[in-house]
Amino acid sequence: MAFWSQSFADKTLKDPKRKFRFIVQITGIGTDGGTLWYAKTATKPSFQIGAAEHSYLNHKFYYPGGVTWQDVSITLVDPVDPNIGMTLASIVELSGYNPPGATFDAESLATISKGKAVSSLGQVTITQLDGEGRGIENWTLWNAFITELKFGDLEYGSDDILELSITLKYDWARVDIGEAGTVGVTSPSPGQVQADNKAFDLN
């Protein structure tokens, strides 16, 4: 039965998911488990399935191909403390990027590697919450790293808070879905679906 056709005097009824009820956690950036209180927007993971085309006479037939996960974008306000702009710049530096120096040495010759890029950023999760502040849907990005970093625009005629944005690429995402308070407690094997606790991998 649809939620709007029932009485909400029954406290067991649940609100539909709301856009503003979410938290972002990046262990390489935030404290308190990596929770970013200054996160403003976040796109949820999404993927596209490729298709191979086969033509026969005047007919076309399609076969599913590989799965490509789309980039995730996160917008952050830029507080003075912590200085998130400098923190993000440091993460890129820890990934292996160093501007060229006056002399050539081992540090100036270093380049970005996936291992350093992933470890410097840490684990990335996006959690949707219910009205009680409990997790009802938890997305985990595997091997995420920064591919784009924008420090925001300045404008004399604007009173808006300065915002930064980061774009993340990742190998695949896992989503855990269950009753409020049970997010993340299940560990099914890749590709396994468990109807009882509704946790599954999409790798």
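**Salt bridges**

I started with charged pairs and found that the structure holds ten salt bridges. I keep in mind that this is a predicted model.

Why look for such pairs at all? Side chains of opposite charge can pair when their charged atoms come close.

I checked how open each partner is. D15 has a relative accessible area of 43%, so I noted it as partly exposed. R21 comes out at 16%, which is under the 20% cut-off, so R21 is buried.

Next I took K17 and E137, whose side chains meet in a salt bridge with 2.4 Å from N to O. Which parts of the chain does this pair link? K17 sits in the segment before strand 1 (22-26) and E137 in strand 7, so I wrote down a link between distant parts of the chain, 120 residues apart. K17 is partly exposed at 47% relative accessibility, whereas E137 is buried, with a relative accessible area of 4%. I also found K44 here: K17, K44 and E137 are linked in a network of salt bridges.

One more pair went on the page: D130 and R134 meet through their side chains in a salt bridge, at 3.5 Å from N to O. D130 counts as buried at 13% relative accessibility, and R134 is partly exposed at 37% relative accessible area.

**Aromatic rings**

Then I turned to the rings. A pair of aromatic rings is described by the distance of the centres and the angle of the planes.

How many aromatic pairs are there? I get a count of four.

**Helix 1**

Which residues of helix 1 are buried? In helix 1 (residues 84-94) I listed I84, G85, L88 and I91 as buried. They cover an arc of only 125° around the axis, so they lie on the same side of helix 1. On the face turned away from that buried side I found the exposed residues M86 and L94.

I wanted to know what covers the buried residues of helix 1. The cover includes strand 5 (72-77), helix 2 (114-121), strand 8 (145-150) and strand 9 (163-169).

Just after helix 1 I stopped at G96, which takes a positive phi of about 125°.

**A nonpolar patch**

Y56, L57, F61 and Y63 make a nonpolar surface patch of about 500 Å². Where does L57 lie? I placed L57 in the loop between strand 3 (47-56) and strand 4 (59-69). Is L57 buried or exposed? Its relative accessible area is 72%, which is over the 50% cut-off, so L57 is exposed.

Conventions: Residues numbered from 1 in each chain as written. Predicted model: local features only at pLDDT ≥ 70, side-chain atom pairs only at ≥ 80, totals over all residues. Heavy atoms only, no water. Phe/Tyr/Trp six-rings, centres within 6.5 Å; stacked < 30°, edge-to-face > 60°. Patch = residues over 30% accessible without salt bridge, like charges linked within 9 Å, V, L, I, M, F, W, Y side chains within 5 Å. Areas by Shrake-Rupley, 256 points an atom, 1.4 Å probe, with all protein chains shown as cover. Salt bridge = Lys/Arg side-chain N within 4 Å of Asp/Glu carboxyl O. Helix = DSSP H or I, 4+ residues; strand = E, 2+ residues; numbered from the N terminus. Buried < 20%, exposed > 50% of the residue type's maximum accessible area, 1.4 Å probe, protein only. Arc of directions from axis to C-beta. Contact = heavy atoms within 4.5 Å.
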